[in-house]
Amino acid sequence: MTQPLALRAEHNGVYYLSAERRPAFEAQAQADQQSIQTIDLARHATLSSALKKIGSTLHFPAWYGANLDALFDCLTDAEWLTESGRIISISGTQRLSAAQPEAFATLLEVLQSAAETLRADSILFRVLLDTPNPALNPLPEA
């Protein structure tokens, strides 16, 4: 069975997923037995705080230092990844992107870099944000 376009590793990346498209995407992911991990960053206005929230939500190992290098290392660590890959949904980024736009842009770059690294190994890794951002493309249609 061929995976739908939205769940193929060749389209790994960081994307904007609108509220209108979210239910259909979640249904497709569930049909393919792919879970979506959700992270709410609405209460986090600093990169440091956001990185701590990401690490605690994703249950990173104790050595995770809540910095961008450690984030990349954890996201691409084979022990953390499942055989089917990961889909992470991040909501509430408006406060962080407004308070620390350069740090937020760097966070997006690190997430994108992890996605590209895992693409080379054909491991699904998708990060979906609920807020449009000029740096983000919409999730490709299935």
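**Legends to close-up views of the chain**

**View 1. Overall composition of the chain.** Of the 142 residues in the chain, 44% are buried. The model shown is predicted. Its secondary structure consists of 5 helices and 5 strands, and the order of elements from the N terminus is β-α-β-α-α-β-α-α-β-β. The chain is as compact as a globular protein of that length, because its radius of gyration of 14 Å is close to the 14 Å given by the globule rule for 142 residues. Along the principal axes, the C-alpha atoms fill a box of roughly 45 × 35 × 20 Å.

**View 2. Surface and contacts of the chain.** The accessible surface amounts to about 7400 Å², and carbon and sulfur atoms contribute 49% of this area. Among contacts between residues at least 6 apart in sequence, 72% join residues that are at least 24 apart.

View 3. Strand β3 spans residues 86–91. The strand is mostly covered, with 5 of its 6 residues buried. Strand β2 (residues 36–40) runs parallel to β3, and 5 bridges join the two. Within this pairing, threonine 38 stands opposite serine 89 of β3. The pairing of β3 with β4 is likewise in the parallel sense and extends over 5 bridges. Here arginine 86 has phenylalanine 125 in β4 as its bridge partner.

**View 4. The aromatic pair of phenylalanine 60 and tyrosine 64.** The count of aromatic pairs comes to 1. The ring centres of phenylalanine 60 and tyrosine 64 lie 4.8 Å apart, and the planes meet at 65°, so the pair is edge-to-face. The angle decides this assignment because planes over 60 degrees apart count as edge-to-face. Both partners are covered: phenylalanine 60 counts as buried at 10% relative accessibility, and tyrosine 64 is buried with a relative accessible area of 12%. These two values lead to the term buried because the cut-off is under 20% relative accessible area.

**View 5. Aspartate 121 in the loop between α5 and β4.** Aspartate 121 is found in the loop that links α5 (101–119) to β4 (125–129). With a relative accessible area of 53%, aspartate 121 is exposed, since the term applies to values over 50%. The C-alpha atom of aspartate 121 is separated by 8.6 Å from that of alanine 9, although the two residues are 112 residues apart along the chain.

Conventions:
Residues numbered from 1 in each chain as written. Predicted model: local features only at pLDDT ≥ 70, side-chain atom pairs only at ≥ 80, totals over all residues. Heavy atoms only, no water. Phe/Tyr/Trp six-rings, centres within 6.5 Å; stacked < 30°, edge-to-face > 60°. Buried < 20%, exposed > 50% of the residue type's maximum accessible area, 1.4 Å probe, protein only. Helix = DSSP H or I, 4+ residues; strand = E, 2+ residues; numbered from the N terminus. Pairing = 2+ DSSP bridges. Rg over C-alpha atoms; globule rule 2.2 N^0.38 Å. Contact = heavy atoms within 4.5 Å. Areas by Shrake-Rupley, 256 points an atom, 1.4 Å probe, with all protein chains shown as cover.
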